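Please find below my note on the structure. It is set out as numbered points.

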Amino acid sequence: MRRLGWLLVLWFFAPTAVHADTGAVPLEAPIVIQSNETFNGEGKRFSSCERPAFQLEGTGAVLENVEIEQCDQARGPAVFIVGLGHQVIDVTIEAAGTGIAVEDSYGVRLIRPNVTGKGREDGITVHDSGVTVIKGAIIDHVRDGIYIENGTGHELVRPLVTNSRYGIHLMFPTDVSIMSPNLHHNETGAMVMGTERVRIENGQIYDQVGASGMGLMLFEAVETSIRANAIYGNRVGIYAEKSEWTAIHDNGVNGNDIGLRLKRANGMTLTGNDVTNNRYPVVSFEAADNVIVGNDWGGQTLDLTRDGQSEIPYRADPYLFLLADSYEAFELLYGAPGLTVLERVLRSPDDVTLTDVSPRATSFELEWQGTVGATVLSGLLILLWRFGRKQDDYL
């Protein structure tokens, strides 16, 4: 009781905590940060409406540690960047318009930007720029999370985009790497269009919603590499159309309505993917010259040579899918034995099928690990059981 009394006395005489003023500083005109200048907001909050709150120009400007809120009628960016080698670090934006806009720039770095929108404009846009680095972006409820148009050499690391139209939207840039993206509950996780040499690796791309509900969508994309991603819970896991020389390898594509949908996608390489437990693993239309080997489709396999690859090829026949695509009522009959037999009898033309010549084998082996003595003892027990049963039969 004595100790408790001292604690109550100390609490009573303790100084009252001083809370910082959380009111936003209204800005009628943008704060312009010129070459080699640094603006550290120390956590202060600013508000803007018709014009950007901050504008970075010249070379090597730095904006860090600020919060920005835009008025509801804002349409322009909260932060506008043009020039060389600028950095934006730990900036949080409640955006009605675009959060951060980068134009005609080179070597810009956006570190841990956090943008929450109203679903009307994009989170971060990059136009006609080179070697932009975006690390640790968190973006929610915007039109497109990260929109990049033209330019080259961009690097996106650990972007988290949710509740938007496209999590990442690429239009015509080249040599873009997207490492460890986390894209979920968007209409499409990533839309890749008119690009060359885009890499998407080690991502979590799942539970996209809406009519499209696609994990990854490639359209007229060349030399795209999709590796080691977990793509699940979407309507279509990976959709590729008019795309060439795409490498899809070592991904887990599971639990989607359709795992892979390929249309006029030529020169592709599919290896080492786990495409099991989708409602329909793959649908292919007019796709040719593709190398498909060593994937796990979940079908029947037979590994006679014990090399991990099945001697029974996997042939993806979209007969039932095409039937259901024309008559939706047939979707209710997925998996029905009768239709499965029909699917095997009525083979689709080769131009709409996809064949894995050596799918990954799922073998079952039973090996005896015992000794000779254990073997003899087991035999005696079997004989005794057999003899005893016959004695019972006689009785």
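1. Basis. This is a predicted model, in which local features need pLDDT of at least 70 and side-chain atom pairs count only at pLDDT 80 or more, while totals for chains, interfaces and linings use all residues. Residues are numbered from 1 along each chain as its sequence is written, and side-chain values use heavy atoms, with hydrogens and water left out.

2. Overall figures. The chain has four helices and 35 strands; helices (H or I, at least four residues) and strands (E, at least two) are DSSP runs, numbered from the N terminus. Of its 395 residues, 45% count as buried, where buried means under 20% relative accessible area, exposed over 50%, and partly exposed in between (1.4 Å probe, protein chains only). The accessible surface comes to about 20500 Å², and carbon and sulfur atoms hold 55% of that. Areas come from the Shrake-Rupley method with a 1.4 Å probe; for residues, only the protein chains shown count as cover. Among contacts (heavy atoms within 4.5 Å) with a separation of 6 or more, 38% are between residues 24 or more positions apart.

3. Salt bridges. Side chains of opposite charge can pair when their charged atoms come close. The criterion here is a side-chain nitrogen of Lys or Arg within 4 Å of a carboxyl oxygen of Asp or Glu. Twelve salt bridges are found in a search of the whole structure.

4. Arg45 and Glu69. These two side chains form a salt bridge, N to O 2.8 Å. The pair links distant parts of the chain, 24 residues apart: Arg45 is in strand E4 (residues 45-48) and Glu69 in strand E6 (residues 62-70). Arg45 counts as buried because its relative accessibility is 18%, whereas Glu69, at 27%, is partly exposed.

5. Asp72 and Arg120. Their salt bridge has an N to O distance of 4.0 Å. Arg120 lies in the loop between strand E11 (114-116) and E12, and Asp72 in the loop between E6 and strand E7 (79-84), so the pair ties together parts 48 residues apart in sequence. Arg120 is partly exposed at 30% relative accessibility, and Asp72 is partly exposed at 46%.

6. Asp175 and Arg197. The closest N and O atoms of this salt bridge are 2.8 Å apart. Asp175 lies in strand E19 (residues 174-179) and Arg197 in strand E22 (residues 196-201), so parts 22 residues apart in sequence are tied together. Both residues are partly exposed, Asp175 at 35% and Arg197 at 33%. Elsewhere, salt bridges with shared partners join Arg45, Glu67, Glu69 and Glu94 into one network.

7. Surface patch. Leu84, Tyr106 and Val131 form a nonpolar patch on the surface, with about 270 Å² of accessible area together. Patches are made of residues with over 30% relative accessible area and no salt bridge; like charges are joined within 9 Å, nonpolar side chains (Val, Leu, Ile, Met, Phe, Trp, Tyr) within 5 Å. Val131 sits in the loop between strand E12 (124-127) and strand E13 (133-135), and its 31% relative accessibility makes it partly exposed.

8. Gly294. This residue lies in the loop between strand E33 (291-293) and strand E34 (314-316). Gly294 counts as buried because its relative accessibility is 13%. Leaving aside neighbours within four places in sequence, the contacts of Gly294 are Gly272, Asn273, Gln309, Asp356, Ser358, Pro359 and Arg360. Asp356 is 62 residues from Gly294 along the chain, and their C-alpha atoms are separated by 7.3 Å.
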